[in-house]
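Subject: Structure handover

Hi,

Here is the structure for your files. My notes follow below it.

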Amino acid sequence: MKYMVISDIHGCVEFTNKAIEIFKKEFGISPKKYIINARIKHAVGLIENGYYSLSEIAEMSGFTDYKYFSSEFRRVMGTSPSKYHYDF
């Protein structure tokens, strides 16, 4: 899976307020949240694989800060990565 960051998107397309409005209307969320959700979905697959540690999964999912990964995982999934891993 190739990862994108907002700066990558910005480099390809000059995001104006109108473009962001169109994106939000089409997808129902901001581009940033869309990317974070995709990264969390990728992390869930890696957790379910059971091979990697949570810190490795965070990094492989495009998060450089484990605390940020954990808080975003909780926001998206409703539980912490460690609890999800344990329950899986």
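A definition to begin with: a residue is buried under 20% relative accessible area, exposed over 50%, and partly exposed in between, with a 1.4 Å probe and protein chains only.

The ground rules next. This is a predicted model, where local features need pLDDT of at least 70, side-chain atom pairs count only at pLDDT 80 or more, and totals for chains, interfaces and linings use all residues. Residues are numbered from 1 along each chain as its sequence is written, and side-chain values use heavy atoms, with hydrogens and water left out.

Overall picture

The protein has six helices and zero strands. Helices here are DSSP runs (H or I, at least four residues), strands likewise (E, at least two), numbered from the N terminus. The order from the N terminus is α-α-α-α-α-α. Of the 88 residues, 27% are buried. Contact means heavy atoms within 4.5 Å. Among contacts with a separation of 6 or more, 50% are between residues 24 or more positions apart.

The core

A nonpolar core is a set of buried Ala, Val, Leu, Ile, Met, Phe, Trp, Tyr and Cys residues joined through side-chain atoms within 4.5 Å. The largest one has 13 residues. Ile40, Ile47, Ile57, Phe63, Phe69 and Phe73 have the most contacts inside it. Helices α3, α4 and α5 each supply at least two residues of this core. The largest share, six residues, comes from α3. Phe63 has contacts beyond four places in sequence with Ile36, Arg39, Ile40, Ala58, Tyr68, Phe69 and Glu72.

Helix α3 against α5

Two packed helices are described by the angle between their axes and the distance between the axes. Helix α3 spans residues 31-49 and helix α5 residues 66-77; their axes come within 10 Å and cross at roughly 95°. That makes α3 roughly perpendicular to α5. Axes are lines fitted to C-alpha atoms, for helices over the stretch in contact, and angles run from 0 to 180 degrees between N-to-C directions. Roughly perpendicular covers 65 to 115 degrees. On the α3 side, the residues are Lys32, Lys33, Ile36, Asn37, Ile40, Ala43, Val44 and Ile47. They meet Tyr68, Phe69, Glu72, Phe73, Arg75, Val76 and Met77 in α5. By class, the contact has 10 nonpolar, one polar and four charged residues. Ala, Val, Leu, Ile, Met, Phe, Trp, Tyr, Cys and Pro count as nonpolar, Asp, Glu, Lys and Arg as charged, and the others, Gly among them, as polar.

Leu54 sits in helix α4 (residues 54-60). Why does Leu54 count as buried? Because its relative accessible area is 18%. Leaving aside neighbours within four places in sequence, Leu54 is in contact with Ile47, Tyr66, Phe69, Pro81, Ser82 and His85.

Thr79 lies in the loop between α5 and α6 (81-87). Thr79 is buried, at 17% relative accessible area. Not counting residues up to four places away, Thr79 touches Phe73, Arg74 and Tyr84.

Lys24 belongs to helix α2 (residues 17-27). Lys24 is partly exposed, at 42%.

Best wishes

Methods. Parallel < 35°, antiparallel > 145°, perpendicular 65-115°, else oblique.
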